[in-house]
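Student: Please take a close look at one part of this structure. Which neighbourhood would you pick, and what does the model say about it?

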Amino acid sequence: MITASTWPAEEAAINGFPPLRQVVVDGWMLRFSGGVRRTANSATPLCQPAGALDAVVAIAEALYAAQNQPTIFRVPSFLDPAIDRDLESRGYTAEGESCIIEGPLDPIIASAAPLGGADEVRLAPRPTPEWFAAMARLQGQRPEFHTGYREIVSGVTLPAAFALLPVDGAAAALAYGTIHRGLLCFESVVTDAAQRRRGHSRRVLAALARWAGRNGAVKATLQVEAPNTPARTLYHAVGMTTELHRYHYRRAPAAA
């Protein structure tokens, strides 16, 4: 079901992790970013597509093949189910079910208050070399992934803040947030595996929410993989309890 939050949340997610290159065709954005993440290397709708997919699929398969990349369509749950059935009939397999969730800022901020230390989170308007190095370490980024990730994140145009929480001289938790149409979009939320269950992610989220509130945001949104129970439990605990919609990917068969 499409609500007033549907397209702003979709736009916030695209703008918060923008592709390096894109082609728009028939209401779809074909994103190309060198294999960094499916998010930035898949076709996603910019509106409610109408009509057959034949032309879009043909163009997508040709362009992705030219980049030596698989053709992947991102299929939000609010689209006409016929689109998903069409891709399935072409042999496209489903993967990566994820949820788009949102919640007000105040509970996110309040959730970190009992923990203290939210002010220890460092915020910067641009990603620093220290922030990128810490993100690469905590996410375990391969060198080729890290290069593309840096390009994408450095290309964020929306108002943004990059958060880092140091503990004993090393980064314990990181994330960044962007603001679009009154929505704070959380991206790249990560905690050092050795520092989990200590409230560090809550402190980072709260610091970003406080910054966003000062800059006109009223709600927060993010995308989280449906099977990621620890992450979903965290976001639910800080008040992000509204699921707007879901999406999954459809990947072309190898022959395509």
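Tutor: Start with a cysteine, Cys47, which is partly exposed at 33% relative accessibility. Buried means under 20% relative accessible area, exposed over 50%, and partly exposed in between, with a 1.4 Å probe and protein chains only. This is a predicted model, in which local features need pLDDT of at least 70, side-chain atom pairs count only at pLDDT 80 or more, and totals for chains, interfaces and linings use all residues. Residues are numbered from 1 along each chain as its sequence is written, and side-chain values use heavy atoms, with hydrogens and water left out.

Now Cys185. Cys185 is buried, at 2% relative accessible area. Strand β9, residues 183-191, holds Cys185. Helices (H or I, at least four residues) and strands (E, at least two) are DSSP runs, numbered from the N terminus. Cys185 touches Ala12, Ala13, Tyr176, Gly177, Thr178 and Thr221, leaving out residues up to four places away in sequence. Contact here means heavy atoms within 4.5 Å. Gln223 is 38 residues from Cys185 in sequence, yet the C-alpha atoms are 8.8 Å apart.

The structure holds 0 disulfides, a disulfide being a pair of cysteine sulfur atoms within 2.5 Å.

Step back to the loop between β8 (170-180) and β9, where Arg181 is found. Arg181 is exposed, at 56% relative accessible area. Its phi is positive, near 50°, and Arg181 is not glycine. Most residues other than glycine have a negative phi. Asn68 also has a positive phi, near 55°. Asn68 is found in the loop between α2 (54-66) and β4 (72-76), and is exposed at 73% relative accessibility.

Both α2 and β4 are among the elements that cover the buried residues of α3, as are β2 (28-32) and β11 (242-251). In α3, residues 81-89, the buried residues are Ile83, Asp84 and Leu87. Seen down the helix axis, they fall within an arc of 95°, so they line one face of α3. The arc is that of the directions from the axis to the C-beta atoms. Exposed Arg85 and Ser89 sit on the face turned away from the buried side. At the start of α3, a side-chain oxygen of Asp80 reaches to within 2.9 Å of the backbone nitrogen of Ala82. After α3 comes Gly91, with a positive phi near 90°.

Definitions and conventions
A polar contact is a pair of N or O atoms within 3.5 Å; within protein, one must be able to donate a hydrogen and the other to accept it, and residues adjacent in sequence count only if both atoms are side-chain atoms.
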